[in-house]
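Let's take a walk through this protein together. Have a look at the picture first, then read on.

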Amino acid sequence: MSGLPDGSASRVVLVGTHRYESFDDLPSVRANLTGLRDVFTDARLWGLPDEHCAVVEQPVNARQVLDQVRRSAERATDTLIVYFAGHGFTDDRTNDLCLALPDSEPGLEYTMLPFDAIRRRVLDHGSRARRKVVILDCCFSARALQGWMGSVADQSSIEGSCVLTASSETRMALAPPGEKYTAFTGELINVLETGVPGGPSLLDMETVYQQVRWALEAKSRPIPQQRNRNAGGQIPPVINTAASLAPRPAPPVPFVHTVSLLITDVANAPRRPEAEAAIAAYVRATPHSLHDPLFLMPIEDVFVVTGRGVVVTGRVERGQIGVGMPVDLVGGLGAHRTTITGVEMFRKTSNTASMGENVGLSLGGVKRAEVEPGMVVTAQNSVMTRTHFQADIYLLPTAKGGRQGEIFNHHQATLRLRTANITATMANFSVLSPGESTTATITLTRPTAIDLSQRFTILDNNTPIGAGQITGIIG
């Protein structure tokens, strides 16, 4: 992508509903609109002219929203950004995403705004913008990713398009009581305003997404999703005001940044705001390597689909996968060699999947009993299962939500290694107090796929109390 969007040739449409007749009100949505408008019109960040940033608050009907999107799409020749915040629902018959308006009623989808109508206005032939970004902060918002661009993008001259959503297609979004913004938009505004120390001079959508995702994961909040077409991840919405700053110093050892907190039990565990804040601050400050070429995907769920066999789902951690590629299944149930017979993303088949994409992989010749969540799909001979390793470990201070007392030699704990929860014994140290770090020898109760430098979370009753990084493989 070539530089910051030209404000005179770009348009932003911010749509939000915070007060409803038939649903719970969402007061923070109103602040979302103000916060994002301030970001986009701030001369330090972008400097979009005020008249080019349209705010549609409490729309009276669907036409008001669609007319504004159409007008902005026709006038933007550089970049078009469309944002919606409010309640989201799914059509019971089609499973399509519907956006609730102030007078929408439960179960009556015709009183809502179908997202497909916005999609059509953004992609309409009258839309001349080279770069298009759609951001959705509502429940089930990743349903918007299903067939987002389709053949339209493949046949057009669009330089790039990006869709960023607050949650997966089956998950609720979050508006925490007492917080100024909704969970997703709050992190989005924070990243856009404060920047990423040591990051690129322009904050592209992929960098923004990764920072928002890590921050939300660290707080055990709904995980955002993103889909890009034609290098849409390189669209830079704002200047990175922290680019010239050195990365912030990290705690004694790095903290896990990926799916370490995404377990069902965490959602039911006692909330520890201090711990969440400390973890989020660390995550935003820690640089992450994202360019390992060897394919690896931790398995989050397993299904048996008629006509396709065993299908595993997860997010590609690194590398690229393709139909026909031989892979290894590695983890607690042993190692199996298989072949990828199908790739699906958001109910759409594909030939390949790359780092950062949420996918379903069909596995040839694999029985359901041979695979479970917590295992990984990897490039052949790239990962081995181990039970012993050396690691640097760190306990959160008690004041920041850590445990109350010390741990001693041969302490037993649950470790979160990618998507696997495994009981382990930590030994070869004397005593470790909250807020301190040490080196320990770790013994797992069952083999799992591990890498040198891999990060993990230490859990206590499914609540994160510390972190670690593998520094050596034993045996």
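Which residues of H1 are buried?

## Helix H1 and its cover

Keep in mind that this is a predicted model. The buried residues of H1 are Ser 28, Val 29, Ala 31, Asn 32, Leu 33, Gly 35, Leu 36, Val 39 and Phe 40. What sits over them? The cover includes the strands S1 (11–16), S2 (53–57), S3 (79–85), S7 (131–137) and S11, along with helix H5 (183–194).

Here's a handy rule: an α-helix has 3.6 residues a turn, so residues three or four places apart point the same way.

## The six-stranded sheet

Now for the strands. Six of them form an open sheet in the order S2-S1-S3-S7-S8-S10, and the pairing is mixed. At the edges are S2 and S10 (225–229), each of which pairs on one side only. On average, neighbouring strands here are turned by 10° against each other, ignoring direction.

Zoom in on S1 and S2: they run parallel and are joined by five bridges. For one example, Val 15 has Val 56 in S2 as its bridge partner. Two helices lie across this sheet's strands. Helix H2 (residues 62–75) lies across S1, S2 and S3, at about 165° to S1, while helix H3 (residues 115–123) lies across S3 and S7, at about 165° to S7.

## Aromatic pairs

How many aromatic pairs does the structure hold? There are four. In one of them, the ring centres of Tyr 20 and Phe 23 are 5.9 Å apart and the planes are at 80°, so this pair is edge-to-face. Tyr 20 counts as buried at 7% relative accessibility, and Phe 23 counts as buried at 15%.

Phe 389 and Phe 456 are edge-to-face too, because their planes are at 65°, with the centres 6.0 Å apart. This pair links distant parts of the chain: Phe 389 is in strand S22 (residues 384–395) and Phe 456 is in strand S28 (residues 455–460), 67 residues apart. Both of these Phe residues are buried. Back at the other pair, ring pairs link Tyr 20, Phe 23 and Phe 89 into a cluster.

## A loop residue: Asn 240

Is Asn 240 buried or exposed? With a relative accessible area of 4%, Asn 240 is buried, and it lies in the loop between strand S11 (238–239) and helix H7 (264–268). Beyond its neighbours within four places in sequence, its contacts include Gly 195, Pro 200 and Leu 203.

Technical notes. Residues numbered from 1 in each chain as written. Predicted model: local features only at pLDDT ≥ 70, side-chain atom pairs only at ≥ 80, totals over all residues. Heavy atoms only, no water. Helix = DSSP H or I, 4+ residues; strand = E, 2+ residues; numbered from the N terminus. Buried < 20%, exposed > 50% of the residue type's maximum accessible area, 1.4 Å probe, protein only. Contact = heavy atoms within 4.5 Å. Phe/Tyr/Trp six-rings, centres within 6.5 Å; stacked < 30°, edge-to-face > 60°. Pairing = 2+ DSSP bridges. Axes fitted to C-alpha atoms, helices over the stretch in contact; angles between N-to-C directions.
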